[in-house]
Amino acid sequence: MIGLTWGELKVAVTVGTERRALPGGAALAAALGPLPPEQQALHAAALLGAARRAGLRPTPGPPLPPLPDDDDGAEEMAEAEETVAPDRAVQLLELLLGGNLGRPAAVQPLIAVWLAAAAERAMVLPHHLVLAALDRATADRELQPLVAPVLGRRGRWLAGCRPDARPEWRWATGGPARTAEELLTLEPAERLAVVRALRAADPGGARERVETLWSQVDAPGRAGLLGALAHGLGPDDEPLLERALGDRSGPVRAAAIRLLEGLPGSARAVRCADRLAPVVRLQGRFRPTLSVARPAPPEGDDRRDEPPSSEAHWLRTLAAGAPLAWWERTLGLPPERIVGLRLDAASGPPGWETDVVGGWARAASAQRNPAWAVALLDRPELTAQHRLELVQALPGPWSPATADAVLAWFERQTKPGFVVDAATAHLAAALPAPAADRVSAWLGRVAKDDDPSLHRSLRHLLQLLSTRISIAEAFS
Amino acid sequence: MARLTREQVEKLAPDASSLTAARKLARPGPWSDTGATDALLWGKCQGSGRTPYQVSVDLTGPAVKCTCPSRKFPCKHGLALLLLWTANGGELASGLESESARAAATWAAGRAGRAETPARSRTEPADPAAQARRREQRLVLMTAGAAELETWLGDLYRQGLAAARQQPYAYWDAAAARLVDSQLPGLAARVRALPGRLAGRADWADVALTETGRWYAAVRAWARRDGLGPDDQGNLRAFVGWAASAEEIRAGAAAEGRLLDDAWVVEGAHRTDDGRLQTRRTWIRGTATGERLVVLDFAAGPEVLAVPQVVGSVVTGPVVVWPGSGVRRAQFAGPAPGSPAPGGSGPARLVGAGRFEAVFDEAAARLAANPFADQVPVAVRAVVAAGDTADGSWVVDEAGCRLPLAPDVDPWPVMARIGPTPVPLFGELDDGTVRPLAAELGGELVAL
């Protein structure tokens with residue numbers, strides 16, 4: 001056009017026309033007239049720049065890759081078949097994910113309630129919440145098994161479309177399709193995330209992968225894999241766990257024991273009960289007293305049932321491992337009577353009461369037994385932290401009786417504000433709807449100025465409770 | 001007047017967080033002294049401060065006024081009051097006789113007065129001689145400023161862009177300040193913004209050369225402006241920051257054929273805030289004329305932008321168009337912009353979304369007609385593909401042809417909305433990149 005290319009002009013103007021002459025002087029002068037070089041360059045920049053802007057062309061690239069399993073529009077049909085959660089429910093999740101109802105930790109159980117409700121109805125997230133859900137669950141591992149089933153096709157596609165750019169979303173990318181061989185190629189943390197997600201969708205499939213991987217991963221890897229099975233634990237898992245009791249590695253044995261404590265029908269639970277049977281006695285008819293003698297120390301094969309570095313607490317190990325139903329059967333008493341028994345300190349090794357009560361508490365949490373948990377809340381042997389854990393281990397929704405007992409216990413505390421605050425998230429997820437009236441009545445009795453922290457905690461709890469009730473209504 | 005639905009109210013929200021905050025407030029708890037007439041809503045909302053905020057909503061706009069300090073517009077309180085009102089079936093409790101009701105009525109009356117100002121100014125023209133004198137003085141200043149910029153550009157090119165790039169921001173700010181004094185605020189803003197645009201870019205020399213070339217084109221065109229037609233003059237005036245005011249534009253619009261009556265699809269909107277000035281571009285397309293126009297709204301300092309038009313809605317009525325070409329600015333001229341089209345028009349669709357190759361001729365024609373235009377509307381069937389880094393993302397059409405995604409756009413939320421299959425996208429072509437503003441999803445045009 002004017003005998004000068006954009007590249008030539010750019011070089012000259014970058015360096016400066018007083019240092020670098022414009023090429024093609026004669027042609028330029030002919031096109032623009034006799035001008036000083038900087039003015040020629042300005043003319044050229046105005047002309048060529050406008051031409052370049054108007055002449056912008058897209059960069060060619062490879063055509064878009066065809067969609068996976070996209071034959072005859074199967075993908076689109078499947079997307080159409082997905083049911084998105086109802087509008088009202090979607091609004092509630094927006095509030096929960098948007099931080100409007102409290103910190104992430106405070107609303108996590110409600111998000112879990114929402115996700116479980118959606119999964120139960122085979123509903124999926126709307127597209128605009130897929131990203132927020134992926135990010136939240138990436139930051140909070142416990143939500144991953146719940147988010148994975150409601151991501152829908154769009155969410156799974158998004159999580160997997162650029163694994164190199166967003167490797168942290170690996171947990172969400174279609175775990176079920178992964179073979180054990182593929183899992184071996186992943187980083188340990190990613191492998192665990194995929195197994196956890198798979199466990200939520202297909203517990204048996206996840207266990208089979210773990211069994212296949214078992215001999216090919218190192219000890220921390222094996223312990224991690226067992227941990228990934230905690231969600232959805234069932235009797236079918238027992239053979240694998242029983243085998244893991246003989247593992248060379250202490251952490252692997254400890255992980256197996258932790259899981260077996262949640263299976264009161266297991267052979268290990270029977271072994272624990274069998275070792276307790278000879279040493280447990282109920283004495284006295286009118287004011288019964290429990291006496292427990294020192295059990296035989298573990299020898300040989302028993303060692304498998306003993307967690308590493310817990311030699312001093314064999315009795316606690318046995319009490320935590322035996323089925324709670326065994327105590328009820330053996331002593332012929334209901335849980336609240338057993339927990340209320342006088343304990344004969346002189347009958348066994350020093351401090352045995354703490355070990356037995358501590359073992360019961362562990363068993364009540366692991367076996368998710370509300371009657372035992374509620375009864376144990378007042379035992380003086382337990383620390384405040386233990387009691388809170390007992391409450392938090394009880395899966396919701398609670399029966400009205402359990403809810404009443406737990407709330408009554410909270411009301412009896414000397415500093416209820418602290419414990420309510422610590423348990424708010426779990427209470428909001430587990431309390432049955434009618435319990436809101438009791439919380440509300442309690443709030444009415446608490447003067448705002450007397451105990452501001454309790455007042456605040458109860459108000460927050462009520463707000464979360466009403467949100468949970470709204471979630472249930474939105475999905476009904 | 002057609003009642004606003006909840007969906008319409010939600011689409012007024014400036015962003016998702018405002019909407020979630022508003023939903024939280026859309027319950028009776030925080031509100032007192034609420035009330036409603038056919039045209040007006042009011043109420044007091046207890047915020048974090050001691051004094052509740054006075055919230056007034058003029059439903060004819062709709063326009064929202066709130067005493068809270070938020071710069072979001074409308075703020076969450078205004079949205080919440082609208083949501084509460086829609087949830088209650090268009091009614092709000094309590095009466096007409098409250099301080100809140102009076103505040104709302106006073107504000108609405110003031111608004112109505114302002115809207116009528118242009119009419120009054122036509123009937124009582126200021127002293128024409130004084131006006132002409134002021135205009136002459138301004139032109140002298142501008143011409144001197146343009147000449148000074150030409151000299152400055154010559155120095156810049158002699159010493160080289162590489163040297164200029166090493167200069168601190170103050171160097172550019174000083175040049176910009178002189179342009180402000182010369183009443184060339186458009187050029188001043190461009191000079192002030194250039195060093196920031198160059199920072200960290202591998203192609204900085206291309207950007208600097210293109211941009212300074214455009215300044216020079218403006219300077220030369222200014223010197224010859226009397227020989228330019230009204231459209232070229234309009235393009236130039238917008239670029240240097242001397243755009244005709246809405247009042248000037250309205251006068252004689254019908255006679256000059258700059259009054260277009262149509263049903264306008266609101267195709268997309270983009271808001272920027274540089275700390276001094278908030279700007280919103282709203283792209284509209286006439287369903288009958290096929291004209292794509294841009295409506296500009298500005299708010300300086302603490303002012304708030306007018307309530308946005310809802311992307312995907314159809315607004316009927318005349319618009320006044322500024323003189324110009326390629327990318328033309330417009331303003332709704334009707335008495336009640338925002339009133340939805342009479343039923344039966346169906347959902348708003350995006351017209352002409354094809355491959356990049358097919359839509360680029362139109363974009364090139366627009367830029368050729370108006371080299372001073374910054375953003376050009378494009379409709380393309382495409383997806384968004386995230387890159388390895390934040391600014392390495394692409395907009396890709398079916399054939400695989402691609403343009404960079406505008407660096408101010410986070411690709412992931414857009415990808416979550418659009419998915420893996422190309423959809424009709426509306427966006428702006430800006431500085432060689434594409435900024436998606438709306439997409440046709442599930443047969444409906446929605447803002448991204």
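Author: Let's begin with confidence. Residues are numbered from 1 along each chain as its sequence is written, chains are lettered from A and ligands numbered from 1 in the order in which they are written, and side-chain values use heavy atoms, with hydrogens and water left out.

Chain B as a whole has a mean pLDDT of 84, with 90% of its residues at 70 or more. Over residues 115–123 of chain B, pLDDT stays under 50, and the model has three contacts beyond four places in sequence for that stretch; a contact means heavy atoms within 4.5 Å. Where pLDDT is low, the predicted coordinates should not be read in detail. The scores for the model are ipTM 0.73 and pTM 0.73.

Now the interface. Chain A puts 49 residues into the contact and chain B 60. Between them the chains bury about 4700 Å², 63% of it on carbon and sulfur atoms; that is the accessible area (1.4 Å probe) that two parts lose on being put together, summed over both. On the chain B side, Tyr157(B), Arg158(B) and Trp412(B) lose the most area to chain A, together 16% of what that side buries.

Six salt bridges cross between the chains, each being a side-chain nitrogen of Lys or Arg within 4 Å of a carboxyl oxygen of Asp or Glu. Arg23(B) and Glu94(A) meet in a salt bridge at 2.2 Å, N to O. Helix 9 of chain B gives the most to the side of chain B that touches chain A, with 10 residues. That side divides into 32 nonpolar, 11 polar and 17 charged residues, where Ala, Val, Leu, Ile, Met, Phe, Trp, Tyr, Cys and Pro count as nonpolar, Asp, Glu, Lys and Arg as charged, and the others, Gly among them, as polar.

Helix 9 of chain B also takes part in pairing inside its own chain. Glu211(B) forms a salt bridge with Arg197(B), the closest N and O atoms being 3.2 Å apart. The pair links distant parts of the chain, with Glu211(B) in helix 9 of chain B and Arg197(B) in helix 8 (residues 185–198) of chain B, 14 residues apart. Glu211(B) is buried at 2% relative accessible area, whereas Arg197(B) is partly exposed at 28%; buried means under 20%, exposed over 50%, partly exposed in between (1.4 Å probe, protein chains only). Both residues belong to a salt-bridge network that also includes Arg190(B), Arg201(B), Asp203(B), Arg214(B), Asp374(B) and Asp431(B). Elsewhere in chain B, Asp430(B) and Arg435(B) form a salt bridge with closest N and O atoms 3.2 Å apart, and both are buried. Over all chains, the structure holds 51 salt bridges.

Note on methods. Predicted model: local features only at pLDDT ≥ 70, side-chain atom pairs only at ≥ 80, totals over all residues. pLDDT = per-residue confidence, 0-100. Helix = DSSP H or I, 4+ residues; strand = E, 2+ residues; numbered from the N terminus.
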